[in-house]
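Welcome! Please take a look at the sequence and the model, then read on.

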Amino acid sequence: MKGTELRGRILIASPRDKVRAACDQLATSGGYLVLANFESGREMLQAAPSLQADLALVDGKMEGGEGIQVGESLSAILPTILILSPKQLENMTVAEGGDNRYYVGLHFSKKAILQTMDFALETARRMGALKAEMEALRR
């Protein structure tokens, strides 16, 4: 990351070594600092509040739907991108996404995933600024 500006701090969760490694490499090459990698979504969920991450990448293909459940829970505290198989992605509807939840497919290009990461992070920052402004107006 030498010579580039830090875009954000992220967490990665996947039971699959290859997916974690690919996400780590993608994030690092895109200017993100990877704070931690987790094999379990539940581990990530427990650690996330203390790590002060800006974004989470969660493998939606964890046992028993854990990835999607963890993604839903995490999205309450930070922007969360669920990485889904083409079949999972096909079965998702826009209504299933939350204010802080985004979906990408394993088959998406690296550029598209990085653009989604940037969009999620920028949207969260803008929402935070708007909330602060509204709070100031209430005073």
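**A first look inside**

Leaving aside its neighbours within four places in sequence, Leu57 is in contact with Ile10, Leu11, Ile12, Ala13, Cys23, Met44, Ile81, Ile83 and Met117. Please keep in mind that this is a predicted model.

**The overall layout**

- The protein chain holds five helices and five strands.
- The chain has 139 residues, and 42% of them count as buried.
- Among contacts with a separation of 6 or more, 59% join residues 24 or more positions apart.
- The accessible surface of the chain is about 8,200 Å², and carbon and sulfur atoms account for 53% of that surface.

**The largest nonpolar core**

- In soluble globular proteins, nonpolar side chains tend to be buried together.
- Which residues touch the most other members of the largest nonpolar core? They are Ile10, Tyr32, Leu55, Leu57, Ile81 and Met117, out of 19 residues in this core.
- Two or more residues of this core come from each of strand E1 (8-13), H1, strand E2 (32-38), strand E3 (55-59), strand E4 (80-84), strand E5 (101-105) and H5.
- H5 gives the most to this core, with a contribution of five residues.

- Rolling a probe the size of a water molecule over the atoms shows where empty space is left.
- The largest pocket has a volume of about 300 Å³.
- This largest pocket is lined by 15 residues, and the closest to its centre are Asn100, Ala124, Met127, Gly128 and Lys131.
- By type, the lining of the largest pocket consists of seven nonpolar, four polar and four charged residues.
- For the second largest pocket, the volume is about 190 Å³.
- Its lining is made up of Val19, Ala22, Cys23, Gln25, Leu26, Ile83, Gly105, Leu106, Phe108, Ser109, Lys110 and Ile113.
- Helix H1 (17-29) and helix H5 (110-138) are the elements that give two or more residues to the lining of the second largest pocket.
- H1 gives the most to that lining, with five residues.
- The lining of the second largest pocket divides into eight nonpolar residues, three polar and one charged.

**Two residues in the loop between H2 and E3**

- Asp54 sits in the loop between helix H2 (41-51) and E3.
- Is Asp54 buried or exposed? Asp54 counts as buried because its relative accessibility is 16%, and the cut-off for buried is under 20%.
- Not counting residues up to four places away in sequence, Asp54 touches Gly8, Arg9, Leu78, Pro79, Leu121 and Arg125.
- Gln52 also has its place in the loop between H2 and E3.
- With a relative accessible area of 60%, Gln52 is exposed, because exposed means over 50%.
- Gln52 has a positive phi of about 55 degrees although it is not a glycine.

- The relative accessible area of Gly105 is 0%, so Gly105 is buried.
- Gly105 and Ile83 are 22 residues apart in sequence, while their C-alpha atoms are 5.5 Å apart in space.
- Thr28 is found in helix H1, where its relative accessible area of 35% makes it partly exposed.
- From Thr28 to Leu6 there are 22 residues along the sequence and 9.5 Å in space, C-alpha to C-alpha.
- Gln115 lies in helix H5 and is partly exposed, with a relative accessible area of 47%.
- Gln115 and Gly30 are 85 residues apart along the chain, and their C-alpha atoms are separated by 9.6 Å.

Terms used
Residues numbered from 1 in each chain as written. Predicted model: local features only at pLDDT ≥ 70, side-chain atom pairs only at ≥ 80, totals over all residues. Heavy atoms only, no water. 1 Å grid on protein atoms, 1.4 Å probe; cavity = no way out; pocket = protein on both sides within 12 Å on 5 of 7 lines; lining within 4 Å. Points joined across faces, edges and corners; volume = space filled by probe spheres on them. Nonpolar A, V, L, I, M, F, W, Y, C, P; charged D, E, K, R; others polar. Helix = DSSP H or I, 4+ residues; strand = E, 2+ residues; numbered from the N terminus. Buried < 20%, exposed > 50% of the residue type's maximum accessible area, 1.4 Å probe, protein only. Contact = heavy atoms within 4.5 Å. Areas by Shrake-Rupley, 256 points an atom, 1.4 Å probe, with all protein chains shown as cover. Core = buried A, V, L, I, M, F, W, Y, C linked by side-chain atoms within 4.5 Å.
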